[in-house]
Amino acid sequence: MKLESFNQKYLKDIHKKGFSEDNPKWTKFNAPYFKEYKKFENFEDFCKSEIGLFHKKQNVRAIIIDKRAIGLVSRYWISKNTRWLEIGIVIYDENMWHKGYGKKALKLWIDDTFKTFKELEHIGLTTFSGNESMMRLSEKIGMKMEARIRKVRFYNGIYYDSIKYGILREEWDL
C-alpha cells in the first residue's frame, strides 16, 4: 500500500467506487449529517466538481492498493496561526474495509504530516459517535479521545456526539 497524489486513473477509480451510485455505503459514515453527497453520472462532471477538484489538492493523497485507488487521506488547518491541523480518511470501496488498510494509511499519513510540518506538535481527527469503526481505528493507532461534544450531529432522527481525537508528536513513534 502507498499514498500518492491523484492522477486521472485514480480519479476514475474513485468516481466508479465512490460517486457513481445513489447511496454508497461510505456516505453513512463520512459526516452523513451534512448531506453533501452527490452522484455523478459521468467522469467528466465528477472531475469538474468541487469534490473532484478536492481530490487533486496538495493536502490530499490517494490510498493505493494493487495500483488502484480505494480512498483518500487529507489534512487541513483548523488554524494555521496556532498550528492546529486535522487529518481525515475515507475508504470508498466497502470491500476494502476491515482489512487493515485504513490503519496503515493513517499511520503513513501521520508520519508524513509530522515530517512535513516539523513545527507541529499535535494532529487531530474528528468523527462522530455513529462511526464506531473510526473511533476504534483512532484508538488502535494511539490517538487519544480529547473531546466528546454531546448530541450535536443530528442524522436520521438520532442525535450523535462529535468525537475529537488527537496525538502529540512525543506520543507518535516516528
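This note sets out numbered remarks on a predicted model and its side-chain packing.

1. Basis. Because the model is predicted, local features need pLDDT of at least 70 and side-chain atom pairs count only at pLDDT 80 or more, whereas totals for chains, interfaces and linings use all residues. Residues are numbered from 1 along each chain as its sequence is written, and side-chain values use heavy atoms, with hydrogens and water left out.

2. Nonpolar core. The largest nonpolar core holds 45 residues, and the members that touch the most others are Phe6, Ile87, Leu106 and Ile123. A nonpolar core here is a set of buried Ala, Val, Leu, Ile, Met, Phe, Trp, Tyr and Cys residues joined through side-chain atoms within 4.5 Å. Buried denotes under 20% relative accessible area, exposed over 50%, and partly exposed the range in between (1.4 Å probe, protein chains only). In soluble globular proteins, nonpolar side chains tend to be buried together.

3. Surroundings of Ile87. Residues up to four places away in sequence being set aside, Ile87 touches Ser74, Arg75, Tyr76, Leu106, Trp109, Ile110, Thr113, Ile123, Gly124 and Leu125. Contact requires heavy atoms within 4.5 Å.

4. Helix H4. Helices (H or I, at least four residues) and strands (E, at least two) are DSSP runs, numbered from the N terminus. H4 comprises the 16 residues 101-116; at 1.5 Å a residue these should span 22 Å, which agrees with the 22 Å between its end C-alpha atoms. The expected span is 1.5 Å times one less than the number of residues. Gly102, Ala105, Leu106, Trp109, Ile110, Thr113 and Phe114 are the buried residues of H4. Viewed down the axis of H4, these buried residues fall within an arc of 160°, so they line one face of the helix; the arc is taken from the directions from the helix axis to the C-beta atoms. An α-helix has 3.6 residues a turn, so residues three or four places apart point the same way.

5. Phe114. This residue belongs to H4 and is buried, with a relative accessible area of 1%. Phe114 and Arg169 are separated by 55 residues in sequence, yet their C-alpha atoms are 7.1 Å apart.

6. Helix H5. In H5 (residues 132-140) the residues Met134, Met135, Leu137 and Ser138 are buried. They cover an arc of only 165° around the axis, which puts them on the same side of H5. The exposed residues Glu132 and Lys140 are carried on the face turned away from that buried side. The cover over the buried residues of H5 includes strand E4 (84-91), H4, strand E5 (122-128), strand E6 (144-155) and strand E7 (158-168). Gly142, which follows H5, has a positive phi near 100°.

7. Aromatic pairs. The whole structure contains 14 aromatic pairs. Trp77 and Phe117 have ring centres 5.3 Å apart and planes at 85°, so the pair is edge-to-face. Trp77 lies in strand E3 (residues 68-79) and Phe117 in the loop between H4 and E5, so the pair ties together parts that are 40 residues apart in sequence. Trp77 is partly exposed at 27% relative accessibility, whereas Phe117 is buried at 18%. Rings of Phe, Tyr and Trp (its six-membered ring) pair if their centres lie within 6.5 Å; planes under 30 degrees apart count as stacked, over 60 as edge-to-face and the rest as tilted.

8. Further ring contacts. One aromatic cluster is formed by Phe19, Trp26, Tyr37, Phe40, Phe46 and Tyr92. Elsewhere, the charged end of Arg75 sits over the ring of Trp109, 4.1 Å from its centre. That term requires NZ of Lys or CZ of Arg within 6 Å of the ring centre and within 35 degrees of the ring normal.

9. Backbone points to inspect. Most residues other than glycine have a negative phi, and most peptide bonds are trans. Arg83, in the loop between E3 and E4, has a positive phi of about 60° although it is not a glycine. Arg83 is partly exposed at 46% relative accessibility. His98, in the loop between E4 and H4, likewise is not a glycine and has a positive phi of about 60°. His98 is exposed at 67% relative accessibility.

10. Lys39. This residue is found in the loop between helix H1 (8-18) and helix H2 (43-48) and is partly exposed, with a relative accessible area of 27%. Neighbours within four places in sequence aside, Lys39 is in contact with Phe19, Ser20, Glu21 and Asp22. Asp22 and Lys39 are 17 residues apart in sequence and 6.0 Å apart in space, C-alpha to C-alpha.
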